[in-house]
Amino acid sequence: MTVRIGVIGVGMIGQDHIRRLTQVVTGAQVTAVADVDPARAAEIASAIPGCSAAASGTELIVRDDVDAVLVTSWGPTHEEFVVAAIAAGKPVFCEKPLATTQEACLRIVEAETAFGSRLVQVGFMRRYDEYYRALRNTITDGALGAPLLMHCAHRIGTVAPNFSTEMMVNDAAIHEMDLIRWMFDEEIVEVTAVAARHNPTSKDALRDPLVLLFTTESGVLANVEVLANGGFGYDIRGEVVAQHGVAALPELGQVMVKRAGQLSTPIPGDWRERFLRAYDVEFQEWIDRLTSGQPANGPSSWDGLAATTVADAATESLATGHAAAVSLPEKPALYTS
Ligand SMILES: NC(=O)c1ccc[n+]([C@@H]2O[C@H](COP(=O)([O-])OP(=O)(O)OC[C@H]3O[C@@H](n4cnc5c(N)ncnc54)[C@H](O)[C@@H]3O)[C@@H](O)[C@H]2O)c1
């Protein structure tokens, strides 16, 4: 079986996922695209055999030749499309964030809960990265004993001029917010966010770098350094300190060069390069579930709600200078297995 997919929002990552769905993964076909820029939608559709542009995202969702929906439009538009896909009973993959406010995420959770089975998957692709998966397996197999601490770094080479302090939290660090919950299989209950000495490379209004400190339900402390203009490449670090030892993500260089008294290894230029394979695995697993008639089992609406709620608390902490509690509603049974 081939899953016929409609893509809403054909900008940067929408086009990259279309390439992935049409050229990398098996079992998928892109049959419809929509964008608020109709010329862009028409141009993208014309390059894909068997694909046509829809006048809007909501029109695309109800089309007969669309079995499943991929939402890659701007964050504030996600709620409308995800809720419409649930109303149509169609599986929907939504790029992060699920929605930009806790209230909007809750409305999605309520719609899906009322539908009665999982339709939504959120694009937290780090869960599909082989190194993060190996790190998590090291923790869950129990040999290291109880996890106590996690040190993370999210160092970006350069950011666009419009990159804001809020985006440091809800665009960049939201990935760590999800993966810390996933790594330890528990919720984050408190966040403290502080800005370090200002990075002179960054514009004055950008609070760069930030340090975020998370406390989980069992008391694991996880800190994340977010550096917007590191200037040397894209560097993602993760190290778990546990009762009997330490486990960390490896350095990822493909080759080590010894030259002129120096040992060097390449650093990924950006997130696309670092997580290329994770996106491919993420989509292949999503398509495989759909073609075998099973509901999605990747990051859920609940995970999207939790991450957005943690991001809200981090933004609050940054503004007040105090720790902020993460307040989640009771988890519906749909998301407990
Ligand atoms: N998982 C990741 O690592 C990752 C990486 C990059 C982007 N993202 C997420 O993907 C989403 C898109 O990001 P991007 O960088 O591709 O942005 P982008 O601006 O390049 O593309 C967004 C596209 O959506 C279109 N659009 C906006 N509102 C629309 C609407 N109502 N209906 C139809 N089309 C609409 C825009 O015209 C544009 O073509 C964001 O939520 C972003 O956070 C996730």
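Helices (H or I, at least four residues) and strands (E, at least two) are DSSP runs, numbered from the N terminus. The model is predicted, so that local features need pLDDT of at least 70 and side-chain atom pairs count only at pLDDT 80 or more, while totals for chains, interfaces and linings use all residues. Residues are numbered from 1 along each chain as its sequence is written, and side-chain values use heavy atoms, with hydrogens and water left out.

Consider helix α9 (residues 301–320). Its 20 residues should span 28 Å at 1.5 Å a residue, and the end C-alpha atoms are 29 Å apart, which agrees; the expected span is 1.5 Å times one less than the number of residues. Helix α9 is mostly covered, with 15 of its 20 residues buried, where buried means under 20% relative accessible area, exposed over 50%, and partly exposed in between (1.4 Å probe, protein chains only). At the start of α9, a side-chain oxygen of Ser-300 comes to within 3.2 Å of the backbone nitrogen of Trp-302. Just after α9, Gly-321 has a positive phi of about 80 degrees.

The interior can be described through its nonpolar cores, each a set of buried Ala, Val, Leu, Ile, Met, Phe, Trp, Tyr and Cys residues joined through side-chain atoms within 4.5 Å. The largest core has 82 residues, of which Met-150, Met-177 and Phe-214 touch the most other members. Helix α7 (residues 165–184) supplies the largest share of this core, eleven residues. Another core, of 23 residues, lies apart from it and includes Val-25 and Cys-51.

Strand β8 (residues 188–195) runs antiparallel to strand β9 (residues 210–216), and seven bridges join them; two strands pair if DSSP finds at least two bridges between them. Within this pair, Val-194 stands opposite Val-211 of β9. Strand β8 is also joined by two bridges to strand β15 (residues 324–325), again antiparallel, and Glu-190 has Ala-325 in β15 as its bridge partner.

The loops remain. Between β8 and β9 lies Pro-209, which a cis peptide bond joins to Asp-208, with omega about 0 degrees. A cis peptide bond also joins Lys-96 and Pro-97, with omega about -5 degrees. In the loop between α7 and β8, Asp-185 has a phi near 55 degrees, a positive value in a residue other than glycine. Is Asp-185 buried or exposed? Asp-185 counts as exposed because its relative accessibility is 66%.

Note on methods
Polar contact = N/O pair within 3.5 Å; in protein donor to acceptor, adjacent residues only side chain to side chain.
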